Amino acid sequence: MSFLPRIVITFLGVLTPTLAAGAAGDSSVRISELPPELAALLVPPSPWGVSSRVETSFGFKDNLLLSSTAEERSSFIRGSAELVVLRLPTGAFDYSMLTEVRGTRYFAGEATKHDARAYLFSEIGWKPRKTLRFSFPVIGYYRDEVIDQSDTDFRRDLTAIKVGGVNMGPAVRWTFHPDWWLEAQGGVERKRFRVGSNDSDIGEGALRLGWKPSERVKLRFTAERRWRDYDSRLGLTSAGRELDQRLKVAERRGEVRVDFTWDRSGKWSSSLRSGAFDYRDNASGFLNYGQFFVSHELEWNGGPWLVRLGASARRAAYDVQKVGFGSPPPLIREDFDADLLVERKISKCWTVLAKFIWERSRSNDHLSSYVMNEGLLGLRWNWDK
């Protein structure tokens, strides 16, 4: 170590107790009286952190409406913005907030010219003990898009979906062992559509168990239950006709998630999720179905480069709905998707990226089947404080 840094370190070691005493009124020395460069070193860092990013991209999508009969293709321009605010837990309390907005403009779309999404997550946490944490998350969302819900080959049924909602509810997490934690959460949600026919109130409860058997492996087990009461939507008979009965739905979901880091440097990581979903109505069971799903994501983060590959598959089998005439089979629907993201950081603030998305829905009812491909090139600007 050179001579000058030794002097500075020795000076700070002598001066720090003096400043502390001055703060208590025992000395006239104040941080504000020091040179700005030295004062900046002595002021404790702020517990607040803020980061934001703005992204713009240009791409092409070959099925704007997710339609099986009348695909619309178009190039597009997309923009998004994200803001993250964090308050580190200097005491018993912490806070986090994430907000994101995204809009897409289609140049050649006929039935739709744009879509838009917005998302807000806010959570305040309280940790009275090292092993116990209470939190209260609030989630708000909005979605505006048009999809094809045609039920015949001869008539197009294009639905403009404009929906917004708020979800909130308390959660408590207990870390009863260094490698184990248990979390319980309850919540309520209000979902509103612009048309109003699917407006509903939702109640939910969830129980999660986490286990970390090693530094490179994490497991999480989740069980969820939801109750959905519609404001005006009616239940259906086994033939699909409306009943004079307001629709109510019960949903159950179970999931196992495994996060794995392939090497000690953290460059390679993966996440595997698998589970089942059950949907039940209070009428004839026309809407009832059971679903199995699996998804996997693999990521490589090598300095300026980041590559992420994801894929998922879902299979739903309906109990009452049939396809065809006579003695038809039950309705089956299978959904597959995959996406590839490649990023290259070109400076501290700027990143270029390319992304490809593929979706396929396959069913024994051909009107429920479609294929969609989307590709884009983009540029992102990041800012952190």
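Colleague: Which side chains does aspartate 319 meet in a salt bridge?

Modeller: Aspartate 319 meets the side chain of arginine 280 in a salt bridge, at 2.4 Å from N to O. A salt bridge here is a side-chain nitrogen of Lys or Arg within 4 Å of a carboxyl oxygen of Asp or Glu. The model is predicted: local features need pLDDT of at least 70, side-chain atom pairs count only at pLDDT 80 or more, and totals for chains, interfaces and linings use all residues. Residues are numbered from 1 along each chain as its sequence is written, and side-chain values use heavy atoms, with hydrogens and water left out.

Colleague: Where do aspartate 319 and arginine 280 lie?

Modeller: Aspartate 319 is in strand E14 and arginine 280 in strand E12, so the pair ties together parts 39 residues apart in sequence. Helices (H or I, at least four residues) and strands (E, at least two) are DSSP runs, numbered from the N terminus.

Colleague: Is aspartate 319 buried, partly exposed or exposed?

Modeller: Aspartate 319 counts as partly exposed because its relative accessibility is 38%. Buried means under 20% relative accessible area, exposed over 50%, and partly exposed in between (1.4 Å probe, protein chains only). Arginine 280 is also partly exposed, at 30%.

Colleague: How many salt bridges are there by this rule?

Modeller: The count is 32. One of them joins glutamate 343 and arginine 380, whose closest N and O atoms are 2.8 Å apart. This pair links distant parts of the chain, with glutamate 343 in strand E15 (residues 330–345) and arginine 380 in strand E17 (residues 370–384), 37 residues apart.

Colleague: Why does glutamate 343 count as buried?

Modeller: Glutamate 343 counts as buried because its relative accessibility is 13%. Arginine 380 is buried as well, at 7%. Elsewhere, salt bridges that share partners join Arg173, Glu183, Arg208, Glu224, Arg253, Glu255 and Arg273 into one network.

Colleague: Changing topic, what does the secondary structure come to?

Modeller: The chain has two helices and 17 strands. Of its 385 residues, 31% are buried.

Colleague: Which residues touch the most other members of the largest nonpolar core?

Modeller: They are Tyr230, Leu247, Val249, Tyr279, Leu287 and Tyr289, in a core of 13 residues. A nonpolar core is a set of buried Ala, Val, Leu, Ile, Met, Phe, Trp, Tyr and Cys residues joined through side-chain atoms within 4.5 Å. Strands E10 (217–236), E11 (242–261), E12 (268–281) and E14 (305–322) each supply at least two residues of this core. Another core, of seven residues, lies apart from it and includes Phe76, Tyr106, Leu341 and Leu353.

Colleague: What does tyrosine 289 touch?

Modeller: Not counting residues up to four places away in sequence, tyrosine 289 touches Phe277, Asp278, Tyr279, Ala316, Ala317 and Tyr318. Contact means heavy atoms within 4.5 Å.

Colleague: Which residues form the nonpolar patch on the surface?

Modeller: The patch consists of Phe93, Ile124, Trp126, Phe134, Phe136, Val166, Met168 and Val188, with about 700 Å² of accessible area together. Strands E4 (114–129), E5 (132–148) and E6 (158–168) each give two or more residues to this patch. Patches are made of residues with over 30% relative accessible area and no salt bridge; like charges are joined within 9 Å, and nonpolar side chains (Val, Leu, Ile, Met, Phe, Trp, Tyr) within 5 Å. Accessible areas come from the Shrake-Rupley method with a 1.4 Å probe, and for residues only the protein chains shown count as cover.

Colleague: Where is valine 166 placed?

Modeller: Valine 166 is in strand E6, and it is partly exposed, with a relative accessible area of 40%.
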